[in-house]
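User: Hey, I'm new to this one. Can you walk me through a few spots?
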Amino acid sequence: MTYSRPSLSVRAALLAAGASLAAPALAETEAPVAISATAAQPVEDIAVQPDDAGYEEGYEDEIVVTAPRLAGQLDTDYAAEAELDEAAIASYGVSNVEELLTALQPQTRSGRGRGSGRPIILVNGRRVGGFGEVRNLPPEAIAKVEIFPEEVALQYGYSADERVVNLVLKPNFRQVAVEAEGGLPTQGGRFQSEIEPSFLMIGESGRFNLNAGWEHQTMLRESERNLVYDDPALAAQAPARSLLGASDEYSLDATIQRSLNKVTDASLNIRFDQTDSLSLLGPGLGGVSDPLERDGRSRNLAATASVNGMLGDWRWSTSANYADADQRTFTDRIVNGAARVDRFDSSQQSFGGNANLSGTVTEGWAGPIRLSATASYSGLRFDSRSDNANGITTTDLARDLPGVFGSLTIPLLDPEYEVGKIGRVSLTLSGQYQDPSDFAALKSWGANLNWGVTDNLSLIASFNQDEAAPGIQQLGAAPLVTPAVTYYDFRTGQTVQITTTTGGNPALRAEQRRDLKLGVNWSPPMLEGLNLSVNYNRNRSYDTANGFPLLTPEIEAAFPDRVTRDANGVLTALDLRPVNFDRSENSQIRWGFNFGKSFGQQQGGPGAGGGRGERPAGASATPPAGEGGPPPAGAGARQGGGEGGPRAGGGRGPGGPRMGGGGRGRGGPGGMFGGPQGGRWQVSLYHTIKLTDTVLIRPGVPELDLLGGSATGSGGGSNRHLLELDGGVFNKGFGVRLSAKYDSGSTVTGGSSGDLRFGDLATFNLRVFMDFNQKPKLIETLPFLKGSRLRLSVDNLFDAQRRITDGNGIVPLNYQPGYIDPLGRYIELEWRKAF
């Protein structure tokens, strides 16, 4: 651009602004993004790099904008579906990463219906040994959260069945905190309390995290809910049966992570927890005052270790894990008029490890060709002993599962390489081979096409075909017989007390899966902070292993040997051990948006991000990542996942950090470890529409249409519509969040009492919280409030209950609200104090 030579004072101001802003930007990343800017842009929004060699009249000069990119952000061609800065994270009012991921479920949930349901977690762009390493990290320690589609998992050696969440940690942080909470349902009958002390320290050499916890829950009995019984005898027995058992859980969790050198770090996580539980099963020989009990104790010990590093331009990582889970259960029973105690013991050990290598194989015609290869081994040992009236049954199961997994990403088009002019297009091919010791070999493959049309618009198409073996407990767990289980019998329209048998089924077969996904992700450039996504998923599976389905007439006809009735046709016993479904197929469209903005942000000054002088308790000793501080601990000299590094020229295409949308303003969001700051509002809405959902139990049996009157579970058929709303506002320490969920219900046809109708259900959860650190005048008056946060939570705000009725409009006993949602509206008060 051509302009008149500025005055000396203006030039000096521009140079000062450029120096102050460019330095932090360069400290944040090795590959800043440069774009041209006009002189009309505010100085505080750009990094100015003038050539001071000589200003002459008419001399053309360029002002370059450097977009800050935090060390630890992912370097990938896939666009992030959502990004949260510190202000956005603070607006959720959560206490740790586990709560944050729960709050983000509408955005992190995969539409494929595969995997464990929890997203894949990366820390500073690197793999971690397990979720335990990050579960208890406080939100104040996180500089940024990035959410990516499932396809990004392939680049890190995982299968593409879960979304990817990358946590970028602050480089220097210390916190000691205690959290106490108590809650109860508004209908009464139960009290829950919890206390959790924690310690976290992040420094240049790594981080250390220690957490402990105790949670107590009292028992809720049937007599404490307004249940209506068909039989007066059942009503009299209500005090002897529990809806929710009493429990005490104790836990201890520790994580240590250390940077061994500039490019290598190691971590270790150890967790122990124990849960003691007690529930009531009905009156004993002495009547209601002497109820039958089930007394259980479970103990879990888990350890994970991981090491990450660089080998030239390749990133490598190794991890190992071990877990021991023991359970002991005593169940009172009455057999032939005499009391006896059944005993069930189980012990499971799981262990394994994996090694991943990822990097650039060669330079292709449109960019670097990247490979990720993983070799893994997992072992599982399970033994159990069941001692009941039928005798003693023992189980001894084992599985060894070696495997290899690899993915290759090939850029096909890229304007920066002068190949094509329609954006960036890349193809990712993946394959997996596993050889379980108790099953035939399992093979999987997939292909994913990513088209970054512009910096704001990306399209994804993927197809995956894989095989999966049933779990070893599904195959061979010892039978467990439970008496006096309340069950609705479709054939007679009665709610009856039956005896159920659970355990394993050694005849289960391996599952075959075929998944197709088409997706669109768009961030409109004219509306900063808005992200829109639309995804279509179709899943087709064969020989799926499932728990025994709801006993409809169709299911009873398919599995007559699982059902026991007396001479009058009354259901008395049911074998609920798992079965194979011949085929299942479903398809859905999931669309939605996430929209958020900050307002009233301060640009420095006292209290901004800690500022000068005394820092609030737990404050960062150095500026957070993205404000000129060093890279996150353990991040090393390279960041972004080791997938070949930033592209030549420093540019990033679709999926790169967005200008203005993802970063924080100078001074940070304040919160528990900063002074008063501006506010933040955010709203997201996602709508899932089930198009098809069918199951063929076995050949010769009519196909079940779960959207058209059939069901495989006690919760009814499939809900065609699911709406998930989440929104909130956070300003000057005060925050309000409201989340809502609506599903459209379903109908199960058949039965002597007509169709069973599951009504639609809308639930709302409310969170109101106050961060006292953003109330400096109040802290001056009440110093003990420093570092504190108070949160009031109300789950199921309007005490909504799904109404389930038979053809006569009657609510069956086991579908009454007291059974399906015994807590109802639940209120909890939490106090968190950081030192």
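User: What does the side chain of Glu724 make a polar contact with?
Analyst: The side chain of Arg590, at 3.1 Å. A polar contact is a pair of N or O atoms within 3.5 Å; within protein, one must be able to donate a hydrogen and the other to accept it, and residues adjacent in sequence count only if both atoms are side-chain atoms. This is a predicted model, where local features need pLDDT of at least 70 and side-chain atom pairs count only at pLDDT 80 or more, while totals for chains, interfaces and linings use all residues. Residues are numbered from 1 along each chain as its sequence is written, and side-chain values use heavy atoms, leaving out hydrogens and water.

User: Is Glu724 buried or exposed?
Analyst: Glu724 is buried, at 5% relative accessible area (buried is under 20%, exposed over 50%, partly exposed in between, with a 1.4 Å probe and protein chains only).

User: And which strand is Glu724 in?
Analyst: Glu724 sits in S32, residues 721–731 (strands are DSSP runs of E, at least two residues, numbered from the N terminus).

User: Switching topic: where is Trp591?
Analyst: Trp591 is in strand S29, residues 579–599. Trp591 is partly exposed, with a relative accessible area of 36%.

User: What stands opposite Arg757?
Analyst: Thr805 in S38.

Notes: Helices (H or I, at least four residues) and strands (E, at least two) are DSSP runs, numbered from the N terminus. Two strands pair if DSSP finds at least two bridges between them.
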